[in-house]
Amino acid sequence: MTKLLEVQNLKTYFFTDRGVATAVDDVSFSLDAGKTLCIVGESGCGKSVTALSIMRLIPEPPGRIVGGRIFFEGTDLLTLSENRMRSIRGNKISMIFQEPMTSLNPVFRVGDQIAEVLELHENMKGPEAMDRAVELLRMVGIPSPESRIKDYPHQMSGGMRQRVMIAMALACNPKLIIADEPTTALDVTIQAQILELMDELSRTTGTAILLITHDLGVVAETAQHVVVMYAGRVVEEAPVKQLFHDPLHPYTRGLMRSIPSMSDDQRRRLEAIPGVVPSLLALPVGCKFNDRCRHAFDRCRAEEPPLTAPKDGHSVRCWLFH
Amino acid sequence: MLSFILRRTLALIPTVFGISVLVFFMIHLVPGDPAEMMLGERASEQALKEVREQLGLDKPLYVQYGRFLARLAKGDLGRALRTNEKITTEIADRFPATVELSIAAMIFAVTLGMLAGILSATRQYSVFDYSSMIFSLVGVSMPIFWLGLILMIIFSVHLGWLPLSGRLSYHIHIESITGLYILDSLLTLNWPALKDAVWHIIMPAFTLSTIPMAIIARITRSSMLEVLRQDYIRTAKAKGLAPRVVHYKHALKNALIPVITVIGLQFGILLGGAILTETIFAWPGIGLWLLNAVYARDFNAVQGGTMLIATTFVTINMLVDILYAWINPRIKVS
């Protein structure tokens, strides 16, 4: 069976005045239909660029996809014409963004913004598309959707707007939804509601979700499979249970240790990973994590480790496992 | 929305009242005696006194202002001191010419300016972008009288395509309905007159449009660039919309908000009379008339003309406000 999405050796670089930023460097992963894959990492590790690369929405210039392949239902998206790509965007692959406050157009009614996708991809006419928009808003749990479709975005709360974004993403029954930090800008209670909603919709509609987040709590609750990224590279990849049970890469372990735990008896200080994410314009030689890694040895500073699989289905990019 | 419009309209009344105070007292601060201007330097003291009495100029200022306001309320601006014509009549003869010229100039400025701005923004750093921005810089910096003369030399004198000056050829007659020749000739289906009026207006309107056009192009460009960076533009692209729809539907409606203010202000300025353009092209508008009234110390005419121009300006601004609320739902109308 072919995978729904298969990213192979994706390289997306940004060509700036100060040099080339390797935002995504040789990233590979795949996703089965109906499943949820999480990409985890700190800000600036290339998560969002990976997502935008799949949609082919990298602002060009300065960005450019310089290598790799992105197979979606067996077709390499990178070989498609812009026209063909447009018929996939919002239709077979749709996207939810981080900022619900600014991701909806302020001067159009939310109903019209949802109906627009339906008119574009499903050939629906005005009233028919509006009826479907109402139905979608009801599906994402917006009360009295008949009147809310006439609202402008500023008349809704952040959680409501994110629900509208989800409704818009679901409009054409996509095979894949890419959700780029969909809950980061929301209150914790609303976060849980939105994640639950996405989880439920994914199960009922069979839509696969590529969830991008920096929040391991979100990962544990939603994903079947996890990809951990650091400085534009995949550093670890595993099924979710295995990753939480037995994290291998020092970076992943650091992330785990920095989660506060309710069950801890002793009052311990929360651990943090020392240092900051390196600039993509000045990456360290060797392993990109070596300057922040407490296990780093000479080889780490000289040579970049390849991604290897010390356990079945669990791969890691670290010299400790060679 | 209706109550919003009503409230904005009512708010005009104190503004217009304030304008009347300013206009009246400022003009009386200007040195010079209208009676002397009318009768000449060698007029007898007796004659001057009579004229002052006749015009009410011997009364204290507040009495004069009271009279001015009372007449104003009835829509009467008094008589011009130079010609003894009713000022309303003089304005009615000339203001339509200015309105017509301003509208034509704004049509040029808005269509070409906005188009240049949008194309520059969507093709940022392209040859088109650079050249249109250089043109717009030239547009704001070029003296209008110079451009007008150059156009006249090229299109009238050398090529003979367009008439040199004036509003209409002598042999053409138009039945006056609105005073706007193009509109009147359309209403009366008078095709030769329409052609003649359009031919006459092209050069002065284009000349007058250069500054607003350049300003509109620059504002449209920067506003579009700002909007194109917004998250909702990325959302629109992620929906699979074509660039045309993203630019002209999703971006433009947001980008228009500051552009409309500029369009309103520029239009208001043009309606105040374009003295230079009207002079060069012998366009019988309000600007030239008002300038002559100032030279002649014709208090009444200056007062009347200024009142009209200022009122037009605030009215245009009110219309812009209403348009604003219509385009931008975030402005609370209630």
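This is a predicted model: local features need pLDDT of at least 70, side-chain atom pairs count only at pLDDT 80 or more; totals for chains, interfaces and linings use all residues.
View 1. Now look at residues 308-327 of chain B, where the chain is 100% helix and 0% strand, with 28 Å between the end C-alpha atoms.

**View 2. Where chain B touches chain A.** The contact draws 23 residues from chain A and 19 residues from chain B. On the chain B side, the elements giving two or more residues are α11 (231-238) and α12 (243-271). Of these, α11(B) gives the most, with 7 residues. Sorted by class, the chain B side has 7 nonpolar, 6 polar and 6 charged residues.

**View 3. An open sheet in chain A.** Here you can follow 8 strands in the order β6-β7-β8-β3-β9-β10-β12-β11, with mixed pairing. At the edges sit β6 (93-96) and β11 (308-311) of chain A, each pairing on one side only. Neighbouring strands of this sheet are turned by 20 degrees against each other on average, direction ignored. Strands of a sheet pair through backbone hydrogen bonds, either parallel or antiparallel. For an antiparallel example, find β10(A) and β12 (residues 314-316) of chain A, joined by 2 bridges. There, A:Glu237 has A:Ser315 in β12(A) as its bridge partner.

**View 4. Helix α11 of chain A and its cover.** Within this helix (residues 250-257), A:Pro250, A:Tyr251, A:Thr252 and A:Leu255 are buried. What covers these buried residues includes α9 (216-222), β9 (225-230), β10 (233-239) and α10 (240-245) of chain A.

Note on methods:
Residues are numbered from 1 along each chain as its sequence is written. Chains are lettered from A and ligands numbered from 1 in the order in which they are written. A residue is buried if 20 or more other C-beta atoms lie within 10 Å of its own, exposed if 12 or fewer, and partly exposed in between; C-beta atoms are placed from the backbone. Helices (H or I, at least four residues) and strands (E, at least two) are DSSP runs, numbered from the N terminus. Two residues are in contact if their C-beta atoms, placed from the backbone, lie within 7 Å. Ala, Val, Leu, Ile, Met, Phe, Trp, Tyr, Cys and Pro count as nonpolar, Asp, Glu, Lys and Arg as charged, and the others, Gly among them, as polar. Two strands pair if DSSP finds at least two bridges between them. Axes are lines fitted to C-alpha atoms, for helices over the stretch in contact, and angles run from 0 to 180 degrees between N-to-C directions.
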